Amino acid sequence: MTAFAHSYDFDPSYGYTKDDLLAIRSPAAPSDFAWFWQERYQRATALHPHPRIRHTGASQDGYEIYSLRYFSTDSFVIRGWVLIPQDEPVTKGIVIGHGYGGRDEPDYTLKQPGAALMFPCFRGLSRSQKPGISTNPAYHVLHDIDKPKRYILGGCVEDVWMAVSAMQILFPPTKGHIGYAGISFGGGIGAMAVAWDERIQRAHLNVPTFGDNPLRLGLKTIGSGEAVQHYQLQHGNALETLQYYDAASAAQFIKQPMHIAAALFDPAVAPPGQFAIYNALPEEKSLTILEAGHFDYPNEAREEQALIKELDEFFSHL
């Protein structure tokens with residue numbers, strides 16, 4: 001176990017050893033779980049995203065920077081960025097999801113020869129804000145939580161599917177060579193998206209959230225998870241919706257090669273939920289164990305550098 005000095009009034013490792021974490025199993029999913037998502041996927045991917053990109057006039061680290069705009073489900077306008085390699089043709093694409101803090105600019109950490117990098121901002125957040133949807137994670141995560149078919153996390157999953165559609169339209173050679181990478185919020189959303197989208201060949205999830213919701217609701221936390229816990233205490237009906245939005249349940253249906261980075265200590269995304277996602281994956285998978293997530297610690301830079309090297313290799317097989 002790794003222990004850190006901290007000011008939280010709870011233990012962000014929750015007393016779990018590594019062996020404990022690797023023994024966690026997925027919660028039981030509702031009988032119509034697969035139908036719920038497959039029907040959404042078919043309905044979403046029948047739509048045309050009408051993607052548009054516009055050069056920002058800027059370039060950095062060997063990429064030309066473009067603004068992105070496409071339509072997702074419910075005619076929701078999704079905005080973000082696309083990085084296009086300057087000196088080589090596009091042969092693969094990676095859709096990159098963000099954490100619940102949103103995104104102010106593209107990220108240049110993940111580099112792949114010939115890869116177009118797409119950075120959509122999920123609905124209601126950052127560049128994809130809309131009146132009536134809070135940008136505050138504590139309120140965003142509760143948007144329509146009392147409506148299983150309308151809960152905003154489902155729309156964010158559809159935003160990923162429509163990003164893949166946009167990638168294939170903008171860059172036809174990427175078809176059959178598309179990956180996904182997401183951290184925290186984007187990791188949990190990614191698990192729910194990849195499970196049903198065979199157009200995504202492989203994916204990386206970094207400290208992913210929304211794993212094992214029944215367990216998450218009972219583990220003290222900060223951030224959006226705390227907001228859901230407060231809602232559950234007040235209303236008692238969160239799991240009626242969250243049983244359909246469990247990243248560990250979705251992970252059981254993932255067939256693509258997966259790379260997971262999971263933390264032993266995390267005050268915002270409880271480690272048992274992260275490992276529940278990894279443990280549920282039935283096919284080819286690899287795990288990087290981080291000392292901590294959502295927390296500054298001495299070895300953080302070293303672990304991030306090692307993780308980047310692993311991802312360079314992982315996505316080279318797209």
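This is a predicted model: local features need pLDDT of at least 70, side-chain atom pairs count only at pLDDT 80 or more; totals for chains, interfaces and linings use all residues.
Let us start with the open spaces. The largest pocket has a volume of about 750 Å³. Its lining is made up of 32 residues, and those lying nearest the centre are Asp107, Ile183, Asn206, Glu304 and Leu307. If you want to find this pocket by secondary structure, look for the strands β4 (92-97), β6 (178-183) and β7 (200-206) together with the helix α11 (300-315), each of which supplies at least two lining residues. The largest share comes from α11, with 6 residues. Sorted by class, the lining of this pocket has 14 nonpolar, 12 polar and 6 charged residues.

The second largest pocket holds about 400 Å³ of space. It is lined by 21 residues, and the closest to its centre are Arg40, Asp74, Lys149, Arg150 and Glu158. Two helices, α2 (33-45) and α4 (152-170), each give at least two residues to this lining, and α2 gives the most, with 6. By class, the lining of the second largest pocket divides into 10 charged, 8 nonpolar and 3 polar residues.

Side chains of opposite charge can pair when their charged atoms come close. In this model the count comes to 10 salt bridges. One of them joins Glu158 to Arg40, with the closest N and O atoms 2.9 Å apart. The two partners sit in distant parts of the chain, Glu158 in helix α4 and Arg40 in helix α2, 118 residues apart. Both Glu158 and Arg40 are buried.

A second pair is Asp74 with Arg123, where the closest N and O atoms are 3.4 Å apart.

Another salt bridge joins the side chains of Lys147 and Asp146, at 3.3 Å from N to O. Here Lys147 is partly exposed, with a relative accessible area of 37%, and Asp146 is partly exposed as well, at 45%.

Now stay with Arg123 for a moment and look at Ser72. Ser72 is found in the loop between β2 (63-71) and β3 (77-85). Its relative accessibility is 4%, so Ser72 counts as buried. The side chain of Ser72 makes a polar contact with the side chain of Arg123, at 3.1 Å. Leaving aside residues up to four places away in sequence, Ser72 touches Ile78, Arg123, Gly155, Glu158, Asp159 and Met162.

Next comes helix α5, which spans residues 185-194. Why can α5 be called largely enclosed by the rest of the structure? The reason is that 10 of its 10 residues are buried. Reading along the helix, the buried residues are Phe185, Gly186, Gly187, Gly188, Ile189, Gly190, Ala191, Met192, Ala193 and Val194.

Rolling a probe the size of a water molecule over the atoms shows where empty space is left. The count comes to 1 cavity of 30 Å³ or more, and the volume of the largest cavity is about 60 Å³. It is lined by Arg216, Leu217, Leu219, Thr221, Gly225, Val228, Gln229, Ala268, Val269 and Ala270. Helix α7 (residues 224-235) provides the largest share of this lining, 3 residues. By class, the cavity lining has 6 nonpolar, 3 polar and 1 charged residues.

Conventions: Residues are numbered from 1 along each chain as its sequence is written. Side-chain values use heavy atoms; hydrogens and water are left out. On a 1 Å grid over the protein atoms alone, a cavity is a set of points where a 1.4 Å probe fits but cannot get out, and a pocket is an open set with protein on both sides within 12 Å along at least five of seven lines; lining residues have an atom within 4 Å of a point. Grid points are joined across faces, edges and corners, and a volume is the space filled by probe spheres set on the points. Helices (H or I, at least four residues) and strands (E, at least two) are DSSP runs, numbered from the N terminus. Ala, Val, Leu, Ile, Met, Phe, Trp, Tyr, Cys and Pro count as nonpolar, Asp, Glu, Lys and Arg as charged, and the others, Gly among them, as polar. Buried means under 20% relative accessible area, exposed over 50%, partly exposed in between (1.4 Å probe, protein chains only). A polar contact is a pair of N or O atoms within 3.5 Å; within protein, one must be able to donate a hydrogen and the other to accept it, and residues adjacent in sequence count only if both atoms are side-chain atoms. Contact means heavy atoms within 4.5 Å. A salt bridge is a side-chain nitrogen of Lys or Arg within 4 Å of a carboxyl oxygen of Asp or Glu.
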